[in-house]
Amino acid sequence: DVVLTVDSALSAYAYKLLGDYRGAAVVMNYETGEILASVSAPGYDPNNMDQYKDDEDNEDSPLVNRATMGRYTPGSVFKIITAAAALESYPDALTRTYTCKGELPVGDTVITDAHDEVHGKLDLEEAFTVSCNNTFATIGMDLGAAKIKAAAEKFGFNKNFLFPELVLYASSYESPTKKSDLGWSAVGQYKDLVTPLHMCMITAAVANDGVMMEPKILKNLVNVRGYDYQELTPNKYSQPLSAKNAKTLQEMMFSVVKSGTGTRARVSGWTVGGKTGTAEVSESDEISPNAWFVCFVEDEDHPYCIAVVLENAGSGGSNAAPIAGKILAKAKELGY
C-alpha cells in the first residue's frame, strides 16, 4: 500500500471552500515539508475523462493542477520577498521611516495604494501590516533590481523544482529596466509569477526560522505483511534568510493578522501570521484582481502553513484570508 501525507477530509473541506472560484489551496507542515492538502478548482471526475478531451478550449482548465502548475501574479504576498531583501540590506531596516501620500510619481507612472489610501509616516513593519504599496515600491527602487532579484532567487524564483515526489512549475522574476517597473515589481505587480505551492514553501521558510523544506507527499509504503518501510525523511531544500530575519518577518506577519489586512484569518487558540495579496491581472476595471492569502501557525506542536489563491475574487483580505482561516480551523478540529 502507498500511504500519502495528504488528509482526504481536510482536502475535501478545502475544495468545498473554494466554491465556484477557480484557484488552489495548499496546506503544509513547515518543519517536515509534508503536504496535508493540495486542491485545485475546478476539479475533474477521473471516472469520466471523455468529457475533458477538449480541455484546451475550456477556460476553467479542470485538468490543470493550479497548485503546482498555476503561475499567478503574486501581488502583495511578494512583499515578503521585498521585506526580506530590506532586512538583509539595511542595518537600520526596522527604524527607517517612509511617508505614504497615496500616490508615488515615478517618471510617467504613478504608483498607487489600494482604494487610494494615504498611510502617512510609517516604518517597515507598519507598512507590511497595512500593505503599503508606496513604501514597498520606494524600498524596491532604493535597493535596485539586482538585490530584489537576488532575494527572489534565494526563495526559489527562476529555479526548476524537480523534487523526487512532485514537479512544480518554475516561478519567475524578471529584472525590470525602468525604475517605475522596479517599483511595481517590489509590490508583486510587474512580471513576477509564482505557483501556490511555491508561495506556501516561501511562507514555510519564514515560519521555519529561514529554512525551506522540500515538499513531500509520500508518507510511507506498507508491504504485504503490514510492515511500514520507505518512511518519509524530511529534506532541507535551502535557507533563503537568516533565523534572525525570519523571526522579524514572523512578527510582521503576526501584525497583519492581529491588526492589519489579514484579521479575517484568525483561528481561536492559535497564533497566526499571514500576508494578504490582491493581484491586479488586467487594466480593465471589469476584471477583478486575484485574491491571495498566505499564513502560518506559531506552535511547535502544530507547525502548519497555507497558501490560498482565488482567481478574480477581488480582495485577498476579504476573500482569501477567511478561507485560509477556516482551513486551519478544520485542521485543528481534525487533530493536527
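Strand β15, residues 290–297, is mostly covered, with 8 of its 8 residues buried (buried here means under 20% relative accessible area, exposed over 50% and partly exposed in between, using a 1.4 Å probe and protein chains only). Strands and helices are DSSP runs numbered from the N terminus, with at least two residues of type E for a strand and at least four of type H or I for a helix. This is a predicted model, in which local features need pLDDT of at least 70 and side-chain atom pairs count only at pLDDT 80 or more, while totals for chains, interfaces and linings use all residues. Residues are numbered from 1 along each chain as its sequence is written, and side-chain values use heavy atoms, leaving out hydrogens and water.

In a regular strand, side chains alternate between the two faces of the sheet.

Two strands count as paired if DSSP finds at least two bridges between them. β14 (residues 272–279) runs antiparallel to β15, and 8 bridges join them; here Thr-276 sits opposite Phe-293 of β15. β15 also pairs with β16 (residues 304–310), again in the antiparallel sense, over 6 bridges, and Cys-295 faces Ile-306 of β16. A hairpin of 6 residues takes the chain from β15 to β16.

Elsewhere there is an open sheet of 3 strands, in the order β1-β11-β12 with antiparallel pairing. β1 (2–4) and β12 (228–229) are at the edges with a single partner strand each, so one side of each has no neighbour in the sheet. Strand β11 (residues 218–222) is joined to β12 by 2 bridges, and Val-222 has Asp-228 in β12 as its bridge partner.

Now for the rings. Rings of Phe, Tyr and Trp (its six-membered ring) pair if their centres lie within 6.5 Å, with planes under 30 degrees apart called stacked, over 60 edge-to-face and the rest tilted. That rule gives 10 aromatic pairs. Phe-78 and Tyr-173 have ring centres 5.8 Å apart and planes at 5°, so this pair is stacked. The two are 95 residues apart: Phe-78 is in the loop between α2 (66–69) and α3 (79–89), and Tyr-173 in the loop between β9 (167–168) and α7 (179–186). Phe-78 is buried at a relative accessible area of 1%, and Tyr-173 is buried at 3%. Ring pairs also tie Phe-296 into a cluster with Tyr-30 and Phe-254.
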